[in-house]
Amino acid sequence: MITSAQMRAARALLGIDQKTLAQKAGLSLPTIQRMELSHGHVRGVVDSLVKVVAALDAAGVELIGERAASSGGGRGVRLKAEEQA
């Protein structure tokens, strides 16, 4: 659904800290901290993940899944797929 790197990047694009994201999502700061410490996809309660995604969307960030097209027309950044060694 969302990776920890996407969460951190989204916050950086918005210029907000973890506390602000927690407030926007209606979650606790420790919940956001735990989510961002996950490796790969964020681990957590589905309801909490949905709240984070909704808060980021409301703030103007489009989260793009792997191999998914962007539906928006704004500027953005996307990680390239890791090259296989």
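Mentor: Let's start with Q18, which has a relative accessible area of 21%. Buried would need under 20% and exposed over 50%, so Q18 is called partly exposed. Keep in mind that this is a predicted model.

Trainee: Where does Q18 lie, and which residues does Q18 touch, not counting those up to four places away in sequence?

Mentor: Q18 lies in helix 2. Leaving out residues up to four places away in sequence, Q18 touches R11, L29, I32, Q33 and E36. What makes these contacts is heavy atoms within 4.5 Å.

Trainee: And how far is Q18 from M7?

Mentor: C-alpha to C-alpha, Q18 and M7 are 9.6 Å apart in space, and they are 11 residues apart in sequence.

Trainee: What about S38: buried or exposed?

Mentor: The relative accessibility of S38 is 11%. The cut-off for buried is under 20%, so S38 counts as buried. S38 lies in the loop between helix 3 and helix 4. With residues up to four places away in sequence not counted, S38 touches S4 and R43.

Trainee: What makes E36 and R11 a salt bridge?

Mentor: The closest N and O atoms of E36 and R11 are 2.6 Å apart. A salt bridge asks for a side-chain nitrogen of Lys or Arg within 4 Å of a carboxyl oxygen of Asp or Glu, so the E36 and R11 pair gets the name. E36 lies in helix 3 and R11 in helix 1, so the pair ties together parts that are 25 residues apart in sequence. Both E36 and R11 are buried, too.

Trainee: How many salt bridges does this rule give?

Mentor: The count comes to two. D47 and K51 also form one, with 3.5 Å from N to O; the limit is 4 Å, so D47 and K51 qualify as well. D47 and K51 both lie in helix 4, four residues apart, about one turn of the helix.

Trainee: Why are D47 and K51 called partly exposed?

Mentor: D47 has a relative accessible area of 46%, and K51 comes in at 32% relative accessibility.

Trainee: How do you know that the length of helix 4 agrees with its number of residues?

Mentor: Helix 4 covers residues 46–58, which is 13 residues. At 1.5 Å a residue, these should span 18 Å, and the end C-alpha atoms are 18 Å apart, so the two agree.

Trainee: Which residues of helix 4 are buried, and what puts them on the same side?

Mentor: In helix 4, S48, L49, V52, A55 and L56 are buried. They cover an arc of only 130 degrees around the axis, which puts them on the same side of helix 4. V46, D57 and A58 are exposed on the other side. What covers the buried residues includes helix 1 (4–14), helix 2 (18–25) and helix 3 (29–37). After helix 4 comes G60, with a positive phi near 110 degrees.

Trainee: And what does the whole protein come to?

Mentor: Four helices and zero strands. Of its 85 residues, 26% count as buried. Among contacts between residues at least 6 apart in sequence, 55% join residues at least 24 apart.

Key. Residues numbered from 1 in each chain as written. Predicted model: local features only at pLDDT ≥ 70, side-chain atom pairs only at ≥ 80, totals over all residues. Heavy atoms only, no water. Helix = DSSP H or I, 4+ residues; strand = E, 2+ residues; numbered from the N terminus. Expected span 1.5 Å × (residues − 1). Buried < 20%, exposed > 50% of the residue type's maximum accessible area, 1.4 Å probe, protein only. Arc of directions from axis to C-beta.
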